[in-house]
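Please examine the structure shown here. The paragraphs that follow lead through a few of its residues in turn.

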Amino acid sequence: MIAMNIIIEPATKDNLQAIDSVQRAAFIQELWEPTSLFQNIINHGPDFCFIAMAEDRSQCAGYVLSYPTDRTRTDFEDGPTALQSAPNCLYLHDLCVSPDFRGMRIAKQLLQKLEEQTKAHKLPAIIGLSVQDSAAFWEKCGFIAGASCRYHGEPAIKIRKTIEL
């Protein structure tokens, strides 16, 4: 674990390489996704995408990528799609922390920022998928585990958190 100050700021296209590096360090290869997908998510939900950077800008500590969607949607592997009606929840696509920065509560800081934005945009829930045996983490953060499913062929669990508006 590296001891340094972390800055949480909006993610932009300029952060794509850093985001890619963190996902490759933290996720198994089967879960690696193209930066074009991350760009699409940032374009679709810029208010819901954040990056955690070392204060000296030398390293990306983690990121969260999310976008507004419909809670009945189930096909998230390809990213955001056009909605037929107003969004009624936020889909948390990725919350990822570099292994070098684990134990510094960065995931909790990113999630707190995301929840603030979710509330500000009056979205009543966050939904997502828990991968790589992370369900216990999500439950500690107030998410409820649901049905088992698969994501890119890997085991996953649907998760949901109600946001008090």
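Predicted model: local features only at pLDDT ≥ 70, side-chain atom pairs only at ≥ 80, totals over all residues.

**Backbone and cysteines**

Lys122 is exposed, with a relative accessible area of 62%. The backbone here deserves attention: Lys122 is not a glycine, yet its phi is positive, near 55 degrees.

Arg105 sits in the loop that links strand S4 (89-97) and helix H3 (106-120). Phi of Arg105 is likewise positive, at about 65 degrees, although Arg105 is not a glycine. Its relative accessibility is 57%, and Arg105 therefore counts as exposed.

The cysteines raise another matter. How many disulfides does the structure hold? The number is zero. A disulfide is a covalent bond between the sulfur atoms of two cysteines, and the cut-off applied to such a pair of sulfur atoms is within 2.5 Å. For Cys89, the closest cysteine sulfur belongs to Cys149 and is 14 Å away, so the gap is too far for a bond. Starting instead from Cys149, the closest cysteine sulfur is that of Cys89, again at 14 Å, and a bond is ruled out because this is too far.

Is Cys89 buried or exposed? Cys89 has 0% relative accessibility and therefore counts as buried, since buried means under 20% relative accessible area.

Definitions and conventions: Residues numbered from 1 in each chain as written. Heavy atoms only, no water. Buried < 20%, exposed > 50% of the residue type's maximum accessible area, 1.4 Å probe, protein only. Helix = DSSP H or I, 4+ residues; strand = E, 2+ residues; numbered from the N terminus.
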